[in-house]
Amino acid sequence: MRNRKLFTYFGLTAVFSLIVVTMLKSWYYLYLGDINWQVMMIAMIIALAIAVLLVIAHYGKSRNDKRQLRKISKMNENEFEDLIIDHFSKSGYQIVSQSKYNDYWADLIVSKYDRITVLKFDHLSKTLASKIIQETVAAKHYYKAHRAIVITTSNCNSHVRKIARNSGVEIWSDIQIIDRILSRL
């Protein structure tokens with residue numbers, strides 16, 4: 001999957017480079033007449049430099065993502081839960097209930113604009129079990145929630161993702177945690 005993204009990324013930078021070269025070539029020909037090889041070389045170098053900068057930026061982000069994931073994996077359950085609570089509080093959600101105070105399948109219940117969201121956490125287990133999805137669906141119905149989210153650091157197989165999708169449960173895993181939670185803190 002990562003190689004396919006990288007291949008797509010390089011493909012896009014190549015297309016971008018060709019567009020830049022074509023634009024510079026057209027501009028030069030339109031305003032100055034003939035195109036010489038020095039101008040084409042300068043245009044190619046500019047396009048290549050932009051492509052290299054984009055690739056460097058991409059790799060820097062992926063290294064930072066890995067660092068963030070290691071940071072999350074070192075957290076205990078309470079720190080992980082506090083991170084998520086902090087995210088939803090800063091996003092304007094009102095904390096309705098936490099797992100410490102109830103025992104009906106939801107680890108956290110939040111509300112925004114009178115729309116209830118139930119959250120279930122799965123931190124540090126190897127794979128996400130379908131039982132977690134079932135408990136989240138039960139919590140969604142029990143609390144009459146509009147939305148249900150499982151936030152996990154575990155691997156998710158296609159079977160569990162299919163069950164979640166068919167049940168109306170969102171799964172936030174590794175990259176979604178970084179994009180949605182850590183980027184806002």
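Mentor: In this predicted model, Thr117 is found in strand 3, which covers residues 115–122.

Trainee: What makes the pairing of Arg147 with Glu170 a salt bridge?

Mentor: The N to O distance between their side chains is 2.6 Å, and because the definition asks for a side-chain nitrogen of Lys or Arg within 4 Å of a carboxyl oxygen of Asp or Glu, the pair qualifies as a salt bridge. The pair links distant parts of the chain, with Arg147 in strand 4 (residues 147–152) and Glu170 in strand 5 (residues 169–172), 23 residues apart.

Trainee: Why is Arg147 called partly exposed?

Mentor: Its relative accessible area is 27%, and because partly exposed lies between the under 20% of buried and the over 50% of exposed, Arg147 is called partly exposed.

Trainee: How do you know whether Lys120 is buried or exposed?

Mentor: The relative accessible area of Lys120 is 10%, and with buried meaning under 20%, Lys120 is buried. Lys120 also forms a salt bridge with Glu135, the closest N and O atoms being 3.1 Å apart. Lys120 lies in strand 3 and Glu135 in helix 4 (residues 130–142), so the pair ties together parts that are 15 residues apart in sequence. Both residues belong to a network of salt bridges that also links Asp107 and Lys131.

Definitions and conventions: Residues numbered from 1 in each chain as written. Predicted model: local features only at pLDDT ≥ 70, side-chain atom pairs only at ≥ 80, totals over all residues. Heavy atoms only, no water. Helix = DSSP H or I, 4+ residues; strand = E, 2+ residues; numbered from the N terminus. Buried < 20%, exposed > 50% of the residue type's maximum accessible area, 1.4 Å probe, protein only.
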